[in-house]
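The following report describes one structure for a reader who is new to the subject. Please look at the sequence and the model before reading on.

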2 protein chains.
Amino acid sequence: MIFMIYQRSLWTLSVSPMLTTVQTGYGFTFLLHIFLQELSAIFFIVYISSKRIACFYLSKPQPHQFTILVRGIPSSYGRSFSEIVESFFTEYHPSTYLSHSVIHQTSKIRGLINDADKLYRRLAHIKSENRTKQNFKRDGFLGLFGRKVNLLDHYEKKLEDMEDNVRMEQNSMAEKEVAAAFVSFNSRFGAAIALHIQQGVNPTEWVVEQAPEPQDVHWPFFCASFIRRWIYELVAAVATVALTIMFLIPVVIVQGLANLNQLETWFPFLKGILSLTVVSQLITGYLPSLILHLFLFFVPPIMIWFSSMQGYVSLSQIEKSACTKLLYFTIWNIFFANVLSGSAFYLVNVFLEPKNIPRVLAEAVPAQASFFISYVVTSGWTSLSSELARLFPLLCSFIKKLCARRDGDKFEVPAIPYYSEIPSVLFFVLLGVTYFFLSPLILPFLLIYFCLGYIIFRNQLLNVYAPKYETGGNFWPVVHNSTIFSLILMHVIAIGIFGLKKLPLASSLTIPLPVLTLLFNEYCRKRFLPMFKAYPTECLIKKDREDQNEPNMREFYDNLVTAYRDPALMPVWYARNGDTHNSPLLHSEP
Amino acid sequence: MIFMIYQRSLWTLSVSPMLTTVQTGYGFTFLLHIFLQELSAIFFIVYISSKRIACFYLSKPQPHQFTILVRGIPSSYGRSFSEIVESFFTEYHPSTYLSHSVIHQTSKIRGLINDADKLYRRLAHIKSENRTKQNFKRDGFLGLFGRKVNLLDHYEKKLEDMEDNVRMEQNSMAEKEVAAAFVSFNSRFGAAIALHIQQGVNPTEWVVEQAPEPQDVHWPFFCASFIRRWIYELVAAVATVALTIMFLIPVVIVQGLANLNQLETWFPFLKGILSLTVVSQLITGYLPSLILHLFLFFVPPIMIWFSSMQGYVSLSQIEKSACTKLLYFTIWNIFFANVLSGSAFYLVNVFLEPKNIPRVLAEAVPAQASFFISYVVTSGWTSLSSELARLFPLLCSFIKKLCARRDGDKFEVPAIPYYSEIPSVLFFVLLGVTYFFLSPLILPFLLIYFCLGYIIFRNQLLNVYAPKYETGGNFWPVVHNSTIFSLILMHVIAIGIFGLKKLPLASSLTIPLPVLTLLFNEYCRKRFLPMFKAYPTECLIKKDREDQNEPNMREFYDNLVTAYRDPALMPVWYARNGDTHNSPLLHSEP
């Protein structure tokens with residue numbers, strides 16, 4: 001997570017010198033700007049990849065370092081998946097294979113456990129109220145007739161039934177194996193060997209990938225086969241593109257419907273209030289923006305939903321994918337939709353004629369400078385301050401408590417939503433890069449945003465949020481790609497503007513710049529991207545050798561065998577056996 | 001190589017049913033066509049990948065299966081590269097590492113050996129003539145004055161000097177190590193482990209790749225560093241694009257210069273002959289085409305040169321890369337240049353407006369149908385028959401013998417030039433796919449071409465050519481990609497034609513087809529491409545276990561240590577020591 005802070009400081013660093021040089025002429029600023037950008041890009045990528053390696057060296061042995069996830073296990077008549085995995089890995093990795101746990105289809109059990117969970121909470125709630133009065137209900141029709149039963153006994157009996165149900169389901173699990181398994185090895189290098197070399201002759205069978213951390217696993221999506229996951233991925237991609245391009249259509253329609261006259265027709269009783277000038281001004285001024293924000297509010301959850309449909313097996317992967325999707329969404333719907341301010345069809349049309357892009361952008365982008373300056377203030381500063389106050393989650397939790405009146409809910413420390421925070425920060429970077437030479441006035445506002453952001457997020461990360469998983473710098477490539485995109489966009493706008501101002505020499509001198517930036521990006525991909533994908537032999541073996549001297553590796557290996565058990569298959573315990581323990585709820589900790 | 005034959009049969013197979021159905025209407029033919037294409041594409045890709053695995057299982061232990069090439073060895077003060085490699089691999093691959101041979105900068109020795117080689121041949125030539133007359137020359141100015149020396153003694157002394165030179169250079173080799181080495185392992189799986197996992201922390205150091213077969217190594221290009229190779233690659237790519245796009249400019253200029261009037265001005269003595277109607281018709285008809293072919297003749301060597309500049313380390317890689325380049329070149333300069341028949345600038349411009357491509361193609365492509373039918377006959381059939389007769393190589397070798405009068409040259413069995421044959425065959429496939437619904441008359445001509453090709457190439461492969469290296473089906477992905485490209489091009493033309501004929505429904509119904517074809521391609525890439533890149537664990541370990549029972553593995557390992565020695569570093573032997581051996585020339589076999 002630390003990189004998010006660095007990125008802020010990076011931009012404050014690179015934005016301020018630009019401000020002073022912006023007066024001395026385009027050419028010099030341009031080159032200085034690009035040089036600074038790319039220098040800082042390479043500096044931070046070096047820094048973060050070295051941090052990543054250092055973090056790996058310092059880490060204690062962790063289950064996910066020793067484990068891979070195998071999918072597409074070929075089925076064989078008369079043998080369970082567990083046997084097939086066992087025989088395959090003992091045959092081909094005899095010296096390193098340790099254990100495996102096949103994944104089961106647990107959606108039914110999860111449902112049952114959820115119900116039991118709810119019931120248990122209700123029971124706990126009743127018990128806490130028990131001290132004041134006795135609860136009875138009749139067991140007949142609509143609870144009106146029949147004999148009175150003690151509500152407590154009734155629920156306890158129901159809970160008991162549910163417990164039996166869950167146990168029965170758990171025992172019948174053996175038949176519901178899915179063609180996927182977590183396979184553990186006795187060394188990190190052993191896991192890497194199985195991970196990096198194609199296992200079976202058919203590349204769609206024995207598909208291996210790095211296992212996520214045990215608490216990071218997203219259990220519901222293991223059943224899908226290779227081709228089904230591929231189709232899901234396509235569907236999600238198409239849905240994302242459709243949502244991104246079409247998003248503004250319903251927004252505009254709703255904004256059109258929700259004007260002053262419509263409101264008066266729909267809600268005649270508001271007529272008196274709406275005729276007040278202040279109120280009508282407020283509504284005409286803020287209602288469209290409110291509607292936009294209301295719609296925007298639903299986008300991150302939808303993107304997360306799309307990503308989780310794609311068949312990722314961990315929260316971290318889902319969030320990373322949603323982060324990229326949301327970045328595209330933001331750039332398209334906030335930057336391009338505002339700049340080109342046409343219908344979705346017009347927007348798409350512009351990008352189908354690549355020759356005209358610079359001209360169209362050069363005409364439209366400078367006109368929106370004041371809008372984006374106010375956007376930095378209204379959206380950027382506001383989001384930062386609301387982040388600090390966390391007013392919205394506070395309200396939510398208050399309302400929830402008021403409505404549900406569940407005392408059993410324990411307080412969970414929230415995790416930072418990377419997928420919605422990173423795209424918004426990167427969008428401000430994009431604004432800074434594209435507008436720095438068109439309207440340098442945006443820079444002080446951005447500078448304040450980044451300084452504030454640095455302080456506020458540093459506080460939030462240290463004191464408020466608890467990470468759900470270790471990102472290991474995996475979000476950095478998204479930041480890097482977005483920076484490169486911003487630079488290219490800036491070059492294209494510059495080409496268009498020099499063309500409009502009848503400076504063909506400047507325009508054609510700018511043409512090599514995007515090419516050079518792309519080359520720079522290509523170099524970074526070759527030089528640094530592999531370091532974000534996997535750890536090299538050198539690190540793995542050094543770390544493995546260190547472990548050999550570790551005294552408690554025996555214990556670690558024992559734990560490793562059970563680390564990747566589905567939480568739905570853990571034995572269920574009931575609080576009925578004693579009311580003293582309040583927090584250990586339904587599930588035992590492994 | 002076998003796949004080239006299959007590909008021919010594939011096309012004969014898929015072209016003939018199309019011919020019968022082409023009358024029954026566009027829609028049905030279209031779908032049948034695509035279905036057949038993709039069915040045959042998947043059938044052949046399955047067939048060839050299974051052949052590839054079968055070939056691997058049947059192969060004897062070969063050095064390149066046990067060896068990887070390491071480049072970018074980090075230098076360390078006071079230690080030679082050989083020591084660094086030794087210590088790195090004994091540390092990180094202690095159980096599998098066998099030996100290594102660092103590569104040396106041998107360009108100087110290669111030059112010396114070449115000279116000595118020439119001298120030796122001359123000596124052999126003189127010796128063979130020796131029986132008829134004695135050869136003397138004077139050792140003074142211009143050979144006119146001074147004492148007479150025996151030419152034989154003179155050359156032998158020179159050869160001796162050269163031999164000493166070469167030995168001296170070879171002994172001083174230790175200092176000229178290059179940061180690259182062939183590293184051998186004691187099992188195929190061991191080599192695969194080192195190959196597939198990034199070795200060093202810095203991804204530009206310890207860059208590993210599969211070693212080529214020992215006789216396939218292209219020695220001159222090992223010295224380049226990571227970044228230098230990357231720049232070379234870029235330069236080669238730019239040069240290829242420039243050559244491809246600009247090729248027609250000089251051709252058109254030369255064709256313009258070489259018209260009848262110009263020839264009369266330049267060569268007045270030809271006036272009489274040129275005034276004959278037959279001759280003038282022949283010249284106006286054939287001269288432009290002759291000039292085009294003369295220029296075309298130089299393209300494959302230039303492409304090979306570009307590819308060898310790119311830093312590939314084996315002939316097979318160079319040929320594969322040149323094959324792709326030549327395919328682009330052919331499609332651009334023969335298909336698009338003829339179809340759109342405009343200047344290079346106009347051509348490029350067409351592709352900058354993607355929306356207009358279907359319309360422009362639909363207008364231009366049908367007009368050229370008769371040209372391409374005659375192209376199949378004049379270029380396709382002719383090239384096949386000249387391939388059978390091998391007239392051109394015969395003439396070349398005859399002229400060479402006549403001029404150089406070197407009797408020492410031993411006859412070498414030629415290798416098939418994949419890089420020039422595959423693109424030309426694929427181009428005819430493209431013609432068949434794009435023209436089958438515009439002018440079905442092309443199909444019988446193509447059918448004859450493919451049938452003839454099947455017979456002729458089968459004969460050539462079995463009886464004429466000797467393979468220089470085992471391709472292992474590595475050219476198939478090029479064939480597959482070209483097929484997909486042809487299909488997409490056909491779809492685009494169809495969309496344009498339906499649009500021109502005012503059939504908007506048909507046109508918009510055709511739009512999903514390219515998308516579906518691209519999805520099909522994507523599926524094939526996921527499902528089959530990995531099988532052409534590397535062998536899976538399952539095969540490697542099975543094969544390794546088979547080897548353990550092999551009696552002569554000991555001997556094989558001994559040979560493996562010296563398999564990758566640079567031929568320039570082999571000890572030089574001279575024929576002087578005895579005239580009995582005629583064929584073992586300068587170099588000893590390892």
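## Helix, sheet and chain contact

Helix α3 (residues 81–92) of chain A lies across β1, β2 and β5 of chain A and runs at about 155° to β2(A). Helices (H or I, at least four residues) and strands (E, at least two) are DSSP runs, numbered from the N terminus. Axes are lines fitted to C-alpha atoms, for helices over the stretch in contact, and angles run from 0 to 180 degrees between N-to-C directions. Two residues are in contact if their C-beta atoms, placed from the backbone, lie within 7 Å.

This is a predicted model, in which local features need pLDDT of at least 70 and side-chain atom pairs count only at pLDDT 80 or more, while totals for chains, interfaces and linings use all residues. Residues are numbered from 1 along each chain as its sequence is written, and chains are lettered from A and ligands numbered from 1 in the order in which they are written.

In chain A, 4 strands form an open sheet in the order β2-β5-β1-β6, with antiparallel pairing. Its edge strands, β2 and β6 of chain A, each pair on one side only. From one strand to the next, the twist averages 25°. Two strands pair if DSSP finds at least two bridges between them; β1 and β5 of chain A are joined in the antiparallel sense over 5 bridges. Within this sheet, A:R71 stands opposite A:A180 in β5(A).

| Strand of chain A | Residues |
|---|---|
| β1(A) | residues 67–71 |
| β5(A) | residues 177–185 |
| β2(A) | residues 97–104 |
| β6(A) | residues 207–210 |

The contact between the chains takes 27 residues from chain B and 27 residues from chain A. On the side of chain B that touches chain A, the largest share, 4 residues, comes from α24(B).
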